[in-house]
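Student: I would like to go through a protein structure with you. Could we look at it together and take the topics one at a time?
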Amino acid sequence: MPMFEYLDFRVVDLAKDPPRHRIFSKIHYDLQLTRYFPEFRNEASTEHSKLVTLRRSFKVLNHETSHVFGLKHCIFYGNTMRSSNLGSLLLIAILFINGHAEAVEAKRPNILFFFADDWGRYASIYSEVNGKGGINDVVRTPNFDRVAKQGVLFRHAHVNAPSCTPCRSSLLSGQYFWRTGQGAILQGAVWDKSIPSYPLLLRDAGYHIGKSYKVWSPGTPPDAPYGGQEHSYQKRGGRFNQFSENVTKLIESGKPLDDSKEELYSEIRDNFKDFLAARDSDKPFCYWFGPTNVHRSWIKGSGKKLWQIDPDSLQGKMPPFLPDVPEVREDLADYFGEIAAWDAGIGVLLAELDKSGQRENTLIVISGDHGAPGFPHGKCNLYGFGTGVSLGISGPGVVGGRVVDDFVNLPDLAPTFLEAAGVNTPQVMTGRSLWPILKSEKSGLVDETRTWVVTGRERHVEDARSDYSPYPQRAIHTAENLLIINFRPDRWPLGDPYRLVGDNIATVEEITKTTRTTIADVDASPTKGWLVGKRNSPMWKPHFEWAFGKRPKYELYDLKKDPHETKNVADDPAYATIKADLEKRLMSELSRTGDPRLVDDGKFFETPPMSGPLVDNAKKKAQNK
Ligand SMILES: [Ca+2]
């Protein structure tokens, strides 16, 4: 359906020329647009930037003058800007419209976002592209792999913070987590409604938004940056969130394995169908699928039982920070089992998307919120095992079949989604749109400025340390090096070693089952129970201390020689220049983006409510007195 045959759009007399409107200056288009917008975006890269501008232009017009789009053929429009801070700005737009401009609405892409809890960079395709020999040889993710092959696979995607809530605060806001106020911590998080979030911006721009399961939590109110539960679709059930537990129960009740799995798939499928059915057919949609099954806990032995993942097949492939022993291998196989279930869930929703006829016009993005839970160097660590995540993107406008080496930080997704929808990215967003990479034809490093990311961490579990203090860290990650600064090396990085000496020693069972028993920034797990249980054995004591002991202020790793970050070279004079350069770059980025950790010795993060007992706990304590 042809829509715009000619468009002339310009701004004159920009007395103040505020930056957010500068794009309108002296813009003149003489474009024969005879196709839908997504196809138009598929053309050469310069055409893409024109499209973005075009869409932004229409957004401004649409916002200011709803009647404009009701007219046909020719529109003259002047003095549209009502906002007082724009001074004497005069906008003149002349549009020649052939057909109904409302049709623009239907041409914006849908956004289908798959976001797993605690899923790091473990997918079979990474074994193919990074080389065999590691644990990714054993994981199986055919659906993720297919999307990544059709689209773009990112080899260097990192979360901004390896902890559920701060990671999600940064992703949803498109800003570094330290810019999200009380969203920057896990326990005690509160969402500040004045922070723009991409789902609500899309909703305001006419998208049909919805979500199933976890978006932003733990925090108050849950899923706040997605509009709370107003856009929730999970009436059909959420048993998928405890996949191995529920499938095991169904099998024990006599149901065959495949039927048991299908029973849980039908819940996620029907929730998605409900979401699609609730949409006005002319509206694009934005859906978030956020099951929590990859988060602990899992049924011991379920990797093998439900997914035929043999723990022994991991032998000899484990990275050095994971003890290559049966207990840990089985735990990892169970984790990979939940990842296989997650991947199957992706397949279920994509099949439904195909049935809806919307696949061609849907941007598909798949990732996770940090590394493996309850394993050394995983979740809650700034090592690659903690911050590295899978990322695959396909859809209209994406030049597929490529593997890219650009460093991506998950806050980059918010401006990416907004740009896809033609919505202006708010100036406060520090993330950078991935579209220059997605529409490029290059593989490897596409954008030469994307050679590093910055990560960090403040509070995770509030009472992991007895004084309720956080463990502040910031890091810069490049292809060659990882530099971590531990701002308070006097503290225990993963929590105080409660009850490991004295007369009330924690049992292995308690450590395996209850996170807060000891070293509370590490989730309770069979691996944690095993390794902490071995803390006094001559063979494993050094490993225990490596995983959970105190760390120096500076950690520097040479990733070319030491990809698993086993040897800290921060004090090696041979690395002095590299260390100084990385520290300078890191500090400059923190300073540029207003990280409160650099102000008054981190006072903002060191005082309530960012540290100290939770309000509820404080109340309970007062009552007990
Ligand atoms: Ca998580």
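Student: To begin, how many residues of helix H6 (residues 164–173) are buried?
Tutor: In H6, 10 of its 10 residues are buried, and the helix is mostly covered. A residue is called buried if 20 or more other C-beta atoms lie within 10 Å of its own, exposed if 12 or fewer, and partly exposed in between, with C-beta atoms placed from the backbone. Helices are DSSP runs of H or I of at least four residues, strands are runs of E of at least two, and both are numbered from the N terminus. Please note that this is a predicted model: local features need pLDDT of at least 70, side-chain atom pairs count only at pLDDT 80 or more, and totals for chains, interfaces and linings use all residues. Residues are numbered from 1 along each chain as its sequence is written.

Student: What covers the buried residues of H6?
Tutor: The cover includes helix H7 (198–204) and helix H13 (413–421). Among the buried residues of H6 are Cys164, Cys167, Arg168 and Leu172.

Student: And which residue follows H6?
Tutor: H6 is followed by Gly174, whose phi is positive, near 65°.

Student: How many helices and strands does the whole chain have?
Tutor: The protein chain has 20 helices and 15 strands. It consists of 625 residues, of which 49% count as buried. Two residues are in contact if their C-beta atoms, placed from the backbone, lie within 7 Å.

Student: Let us turn to H8. Which of its residues are buried?
Tutor: Helix H8 spans residues 243–252, and Phe243, Ser244, Asn246 and Val247 are buried in it. These residues lie on the same side of H8, because they cover an arc of only 165° around the axis. The arc is that of the directions from the helix axis to the C-beta atoms.

Student: Why do residues a few places apart in a helix point the same way?
Tutor: An α-helix has 3.6 residues a turn, so residues three or four places apart point the same way.

Student: Which helices do the buried residues of H8 pack against?
Tutor: They pack against helix H9 (257–277), helix H10 (302–307) and H11. After H8 comes Gly254, with a positive phi near 110°.

Student: How do H9 and H11 cross?
Tutor: Their axes come within 10 Å and cross at roughly 35°. Axes are lines fitted to C-alpha atoms, for helices over the stretch in contact, and angles run from 0 to 180 degrees between N-to-C directions. H9 passes H11 in a right-handed crossing. A crossing is right-handed if the near helix is turned clockwise from the far one by less than a right angle, and left-handed if anticlockwise.

Student: What kinds of residue make up that contact of H9 with H11?
Tutor: The residues divide into 7 nonpolar, 2 polar and 3 charged. Here Ala, Val, Leu, Ile, Met, Phe, Trp, Tyr, Cys and Pro count as nonpolar, Asp, Glu, Lys and Arg as charged, and the others, Gly among them, as polar. Tyr265 and Phe272 are among the residues on the H9 side, while those in H11 include Val348 and Glu352.

Student: Where does H5 meet H11?
Tutor: Pro142, Asn143 and Phe144 in H5 meet Asp343, Ile346, Gly347 and Leu350 in H11. The axes of H5 (residues 142–150) and H11 (residues 326–356) come within 7 Å and cross at roughly 60°. The two helices are therefore oblique to each other. Angles under 35 degrees count as roughly parallel, over 145 as roughly antiparallel, 65 to 115 as roughly perpendicular and the rest as oblique.

Student: Moving to the backbone, which residues does a cis peptide bond with omega of about 0° join?
Tutor: That bond joins Ser217 and Pro218. Pro218 is in the loop between strand E6 (208–213) and H8. A cis peptide bond also joins Pro608 and Pro609, with omega about 5°. Most residues other than glycine have a negative phi, and most peptide bonds are trans.

Student: Last topic: is Asp600 buried or exposed?
Tutor: Asp600 counts as exposed because it has 10 C-beta neighbours inside 10 Å. Its phi is near 50°, a positive value in a residue other than glycine. Asp600 is in the loop between helix H18 (576–592) and H19.
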